[in-house]
Amino acid sequence: MSDTLHYHFDVDGASFANAGRASVETKKLLRQLGVAPNVIRSISVAMYEGEINMVIHAHGGDADVYITEDTIIIILKDEGPGIRNVEEAMKEGFSTAPENIRALGFGAGMGLPNMKRYSDEMHIDTKVGVGTTIELWYHLNKQQ
Amino acid sequence: MKISRVAEILEAKVLTGGDLLDCEVNSACGSDMMSDVLAYVKDQGILLTGLMNVQVIRTLLMMDMNCVVFVRGKVPAAGIVDFAEENGVAVLQTDLPMFESCGRLYAAGLGRADLESGPEREEV
């Protein structure tokens, strides 16, 4: 394995309008690096959902992107309320988002399921009252 | 079907992206729920929606879609149109409701591989 590229983004929790900036930037970076379009699509969607979640639930946080020759790892870390019941949160349609967020087109309980659907591996480390860290793994060789 | 034809069928105004009117789209998706778009869209080029915020445009960017149609006569704020323009997304706006917009496009052959054989279809 050769060098690891690392990009860091602050996810601004103050404004819903800014949610998704890190994902848009990451998508551009991955394109420049020549990553396969289907992998870029998956990473974009999963990271975007993660970013939206961080803004809705956790007042923002940190997004880190690590790229090696054969793996891309996205780490989304927040110091929000944590997820009380991960199993429940993984069910499509389960949501604790307030009604005003649904009016914005999100909060339909598809965030975590979408992140799982669009990653090769998803690891959730969460503690109520402390925060949540989600790792999204992509194995590049597997997906051509 | 070209985006210009979509605009014609929907009697839509082109708010930005006039240079994209010649782009071909194979299908469309109608939704106000962006998470559903992220979950289910495959290679549709167009999103029809009544939702008005900048996340609509970001959702399109994530899904490599290049055209949004705002339905029900809603007018997007300048910031939304500007953001779309910066990112190469065409913005159309129609007074038609969602149901009729989707119906017209479907009836004209959009998203129906069985009908849309050539690159450009005339009247059905």
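Me: Where in chain B is the place of B:D64?

Reply: B:D64 is found in the loop between α3 (54-62) and β4 (67-70) of chain B, where helices (H or I, at least four residues) and strands (E, at least two) are DSSP runs, numbered from the N terminus. This is a predicted model, in which local features need pLDDT of at least 70 and side-chain atom pairs count only at pLDDT 80 or more, while totals for chains, interfaces and linings use all residues. Residues are numbered from 1 along each chain as its sequence is written, and chains are lettered from A and ligands numbered from 1 in the order in which they are written.

Me: Why is B:D64 called partly exposed?

Reply: A residue is buried if 20 or more other C-beta atoms, placed from the backbone, lie within 10 Å of its own, exposed if 12 or fewer, and partly exposed in between. B:D64 has 15 other C-beta atoms within 10 Å, so it is partly exposed. Its phi is near 55°, a positive value in a residue other than glycine.

Me: What makes A:H59 partly exposed, and where is A:H59 found?

Reply: A:H59 has 15 other C-beta atoms within 10 Å, and therefore it is partly exposed. A:H59 belongs to the loop between α2 and β2 (60-67) of chain A, and the phi of A:H59, near 55°, is positive although the residue is not glycine.

Me: Is A:L76 buried or exposed, and how do you know?

Reply: A:L76 counts as buried because it has 26 C-beta neighbours inside 10 Å. A:L76 lies in strand β3 of chain A, and, leaving aside its neighbours within four places in sequence, A:L76 is in contact with A:G50, A:M54, A:G61, A:A63 and A:I134; contact here requires that the C-beta atoms of two residues, placed from the backbone, lie within 7 Å. The C-alpha atoms of A:L76 and A:G50 are separated by 7.1 Å, although these residues are 26 apart along the chain.

Me: What makes β3(A) and β5(A) a pair of strands?

Reply: Two strands pair if DSSP finds at least two bridges between them. Eight bridges join β3(A) to β5(A), which run antiparallel, and A:T71 stands opposite A:H139 in β5(A). Strand β4 (residues 121-127) of chain A is joined to β5(A) by seven bridges, also in the antiparallel sense, with A:E121 opposite A:W137 in β5(A). β4(A) and β5(A) form a hairpin with three residues between them, and A:G129 in the turn has a positive phi of about 85°.

Me: In what order do the five strands of chain A form their sheet, and which are called edge strands?

Reply: The sheet is open, with the order β1-β2-β3-β5-β4 and antiparallel pairing. β1 (5-12) and β4 of chain A are the edge strands, as each pairs on one side only, and the twist averages 10° from one strand to the next. Seven bridges pair β2(A) with β3(A) in the antiparallel sense, and A:V65 has A:I74 as its bridge partner in β3(A).

Me: How many residues of chain A are in contact with chain B?

Reply: 18 residues of chain A are in contact with 16 residues of chain B. On the side of chain A that touches chain B, the largest share, five residues, comes from α2(A). By class, this side has nine nonpolar, six polar and three charged residues, where Ala, Val, Leu, Ile, Met, Phe, Trp, Tyr, Cys and Pro count as nonpolar, Asp, Glu, Lys and Arg as charged, and the others, Gly among them, as polar.

Me: What is the pattern of chain B along the sequence, and why is chain B called as compact as a globular protein of its length?

Reply: Chain B has five helices and five strands, and along the sequence they follow the pattern α-β-β-α-β-α-β-α-β-α. The globule rule is 2.2 Å times the number of residues to the power 0.38, and the radius of gyration is taken over C-alpha atoms. For 124 residues the rule gives 14 Å, and the radius of gyration of chain B, 13 Å, is close to that value, so chain B is as compact as a globular protein of that length. Buried residues make up 44% of the 124 residues in chain B.

Note on methods
Axes fitted to C-alpha atoms, helices over the stretch in contact; angles between N-to-C directions.
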